[in-house]
Amino acid sequence: MPRGKSQFVWTRRHLLGLEELSAEEIVHVLDTAAGFKEISTRSIKKAPALRGKVVVLLFFEPSTRTSMSFNLAAQRLSADLLEFHTEASSVKKGETLIDTGRNIEAMGVDIFVIRHAAAGAPQMLARHTNTCVINAGDGAHEHPTQGLLDIFTIREAKGRIEGLKVAIVGDISHSRVARSNIWGLTKLGAEVTLVGPPTQLPGGLAGERCRLSHDLDSVLPEMDVVNLLRIQHERQGANSFPSIREYSRLFGMNAERLSRCKDDVLIMHPGPINRGVEITSDVADGPHSAILQQVTNGVAIRMAVMYLVAGVKPEKGN
Amino acid sequence: MKRILDAKGLSAAIDRMVDELAGVCPADLPWAVVGIRTRGVALAERVKAQLAAKTGRELPLGWLDITLYRDDLHEMEASPLVRQTKIDFDPTDMCIILVDDVLFTGRTIRAALGALGDYGRPKVVRLAVLVDRGHRELPIAADVVGCRIETRRDEVVEVSMSETDDGDEVVARPAGSGR
């Protein structure tokens, strides 16, 4: 028998990052997403919550899965959808972005979902337009819906976040996925360990909330969750590690390493996976892997976020 | 505050609902009970248990959150909490017994019928409510009513059930003093 009631009221018109959210706000998104997940299992996979609203996907960086996930989430809530995919011009990014945003806004739209190579682009769009803005990844800054869907997936599998030991492995310093995970997980009381080559571990605020390690094998046995990041060739100027083979040898997840993990360890990856680099196929497709659940949960999280921001009246929100 | 039903009265009202349901649901169809969240769920559980005992039928139980189907969703100050819906059977061609605690404007039932239709196409839907307090705004009526009462439009009728609250009772309060 389901029970419980929440007096919590969501007041944000934008989702720009998890750094600015309180633990209570993060839990509210997760609880809302739990209600939305079931819609994707119905015979008619649609609810009328955003009927008559227009969602615009502004993707200035290539993306298939994230844009498909937002696309599907918007359609499952009966919103109308505009898609705008382009590579950002390297000069005058700011001006171009604001002009683009204002022009599209003038047609009468309700939610911008933006992905951009420049950190801070969603914040700028939110400041210069009156439309709800959802960050779908900005540079190496944040990817809040990925962080939320990862945390949702962990909570679903483990029943809690507080007290869990979570390793995030890979190129942390270039990873917006890592940053959003770090903020969200530590706010909910998880103990996060960042594992990677010395050249790829971050300093700064996010890094200070975590333990740092260069040695995957020494931390593995105590972990409840291991989240493997994708090597992002496109976000690295010069290679910050000697070779793919060396990376795989030191930080790749394989059956041998898995055998030294806890029996109920959860293996995650934000995708797309480089098979044989961050993770071998037998582990990626094996029983500990949550990779496909992450994708499924992503749609529910994005539905929840769009539903919540669209419900806040412009004059009331912040 | 005035008490409309105490624990004994509430139990007797559910007994009447169960008796009448057995008469209004087509005998040749499979039946299922669906409660509307939140108070309709506890009520639906009791109706299902008693109806199953009385008729010897298998009765699947589900519950429905109608938040996304509300006709005032866009007028509200903030998006209300969406709770989980659970209908893990196909309602197509069944007799669905829709259960809610209070029937008032009829808007919740309109939303529930819309939501239910997204799971399949029931052959028949019967509506069972514990309290009918009048003031309908839509052409909707219950098939089975536990208790009919006269209320003022601005009164609040509250049903408490021991599964979710301190005990069983139904009360009416003046506006603005609800739980």
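Me: Where is Pro272(A) found?
Reply: A cis peptide bond, with omega about -10°, joins Gly271(A) and Pro272(A). Most peptide bonds are trans. Taking helices (H or I, at least four residues) and strands (E, at least two) as DSSP runs numbered from the N terminus, Pro272(A) sits in the loop between strand S9 (266-268) and helix H11 (281-284) of chain A.

Me: What pLDDT do side-chain atom pairs need in order to count in this predicted model?
Reply: Residues are numbered from 1 along each chain as its sequence is written, chains are lettered from A and ligands numbered from 1 in the order in which they are written, and side-chain values use heavy atoms, with hydrogens and water left out.

Me: Which peptide bond in chain B is cis, and where is its Thr38(B) found?
Reply: In chain B, the peptide bond from Arg37(B) to Thr38(B) is cis, with omega near 15°. Thr38(B) is found in the loop between strand S2 (31-36) and helix H2 (39-55) of chain B.

Me: What is the phi of Ser78(A), positive or negative?
Reply: Ser78(A) is placed in the loop between helix H2 (65-76) and strand S2 (80-85) of chain A. Most residues other than glycine have a negative phi. Ser78(A) is not a glycine, yet its phi of about 70° is positive.

Me: How far apart do the C-alpha centres of the two domains of chain A lie?
Reply: An automatic or database domain assignment supplies the bounds. For chain A, domain 1 is 23-140 + 298-310 and domain 2 is 144-295. Their C-alpha centres are separated by 25 Å.

Me: Which residues of domain 1 of chain A lose the most area to domain 2 of chain A?
Reply: With contact meaning heavy atoms within 4.5 Å, 25 residues of domain 1 of chain A and 23 residues of domain 2 of chain A take part. Buried area (the accessible area, 1.4 Å probe, that two parts lose on being put together, summed over both) comes to about 1900 Å² here, with carbon and sulfur atoms giving 60%. Together accounting for 30% of what the domain 1 side buries, the residues that lose the most are Leu30(A), Arg65(A) and Ala140(A).

Me: Which element gives the most residues to the side of domain 1 of chain A that touches domain 2 of chain A?
Reply: The count between the two domains is ten residue pairs in polar contact, both at pLDDT 80 or more; such a contact is a pair of N or O atoms within 3.5 Å, where within protein one must be able to donate a hydrogen and the other to accept it, and residues adjacent in sequence count only if both atoms are side-chain atoms. On the domain 1 side, at least two residues each come from elements including helix H1 (23-37) and helix H12 (291-310) of chain A. With nine residues, the one that gives the most is H1(A).

Me: How many salt bridges does the rule find across the interface of domain 1 of chain A and domain 2 of chain A?
Reply: A salt bridge is a side-chain nitrogen of Lys or Arg within 4 Å of a carboxyl oxygen of Asp or Glu. Glu61(A) and Arg176(A) meet in one, at 3.1 Å from N to O. Across the interface of the two domains, the rule finds three.

Me: Why does the pair of Arg42(A) and Asp118(B) join two chains?
Reply: Over all chains the salt bridge count comes to 31. Arg42(A) lies in the loop between H1 and strand S1 (54-59) of chain A, and Asp118(B) lies in the loop between helix H3 (107-117) and strand S5 (124-132) of chain B, so the pair joins two chains. The interface of chain A and chain B has one salt bridge by the rule, and Arg42(A) forms a salt bridge with Asp118(B), the closest N and O atoms being 3.9 Å apart.

Me: How much area do chain A and chain B bury between them?
Reply: The contact takes 32 residues from chain A and 29 residues from chain B. Carbon and sulfur atoms carry 55% of the buried area, which is about 2500 Å².

Me: How far apart in sequence are the parts that Phe36(A) and Tyr307(A) tie together?
Reply: Over all chains there are three aromatic pairs, meaning rings of Phe, Tyr and Trp (its six-membered ring) with centres within 6.5 Å, where planes under 30 degrees apart count as stacked, over 60 as edge-to-face and the rest as tilted. The rings of Phe36(A) and Tyr307(A) have centres 5.2 Å apart and planes at 65°, so this pair is edge-to-face. Phe36(A) lies in helix H1 of chain A and Tyr307(A) in helix H12 of chain A, so the parts tied together are apart in sequence by 271 residues.
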